[in-house]
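Subject: Structure handover, pockets

Hello,

Here is the structure we talked about. Please open it and follow along with the notes below.

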Amino acid sequence: MSAAKLLPEVKFRIVGTGPLESELKARAKDENLVNVEFLGYQAWAELEKLIEGSKLVVLPSLWYENCPLSAIEAAGRGRVVLASNRGGFKEIVPGEMLFDPDDIQAMADKIKFWLSMDAEKRKQARQALFNHVKNNYNADLYWPELIKAY
C-alpha cells in the first residue's frame, strides 16, 4: 500500500484474501489510493489471465517463505517477478529483481525502474527468468530427486 502511495501513476491489483483484507481496503479508502484495486480470491483460470496480462508481479512478502510457488508460477508465465529478498525468493529471482520489503522507497524505485525499462530489455529479463524456472523448478526434475531422497 505504501508503494502504491508513492507511485500514483501505477495501477496496483491486489489478489487474494486474508485477515488484513478489511484493514487494507479501509486504508486504501482513507488514503484515497484510487490506483489500488482489490480483486479478492481468484480461481486459477482467472489468476492465470491476471498474471499473463500484467507487466510485473510484485511479491512483497515479509515472511521467509521456503519455496514461494507464486514466484515460480509468475516466472513460468513469462512475467518479471519483483520480490522480497527474504527466504526462497533469493533462489528463484535474480538479485536485480529483489528488494527489502521493509524499505518502501526501494520497492517503489524497483517497480518504477522495471516499468520504465525498454520493452526489449524487459522481455530479455522475463525470458531469462522463465528459462531459470523451467530448468530448475519442474516436475521432471523434482520427482526423481524426491524419490531418491526416500
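C67, L69, I72, N136, Y137, N138, A139, Y142 and W143 line the second largest pocket. Keep in mind that this is a predicted model. The volume of this second largest pocket is about 200 Å³.

Which helices each supply at least two residues of its lining? They are α4 and α8, and α8 spans 139-149. The largest share comes from α8, with three residues. By type, the lining has seven nonpolar residues and two polar ones. No charged residue takes part.

Now turn to the largest pocket. Its volume is about 1,800 Å³. It is lined by 47 residues. To find its centre, look for R13, I14, V15, V58 and P60, the closest of the lining residues to that point.

Among the helices, α1 (2-6), α2 (21-30), α3 (44-52), α4 (69-75) and α6 (104-116) each give at least two residues to the lining of the largest pocket. The largest share, five residues, belongs to α2.

What kinds of residues make up this lining? There are 28 nonpolar, nine polar and 10 charged residues.

Best wishes

Notes:
Residues numbered from 1 in each chain as written. Predicted model: local features only at pLDDT ≥ 70, side-chain atom pairs only at ≥ 80, totals over all residues. Heavy atoms only, no water. 1 Å grid on protein atoms, 1.4 Å probe; cavity = no way out; pocket = protein on both sides within 12 Å on 5 of 7 lines; lining within 4 Å. Points joined across faces, edges and corners; volume = space filled by probe spheres on them. Helix = DSSP H or I, 4+ residues; strand = E, 2+ residues; numbered from the N terminus. Nonpolar A, V, L, I, M, F, W, Y, C, P; charged D, E, K, R; others polar.
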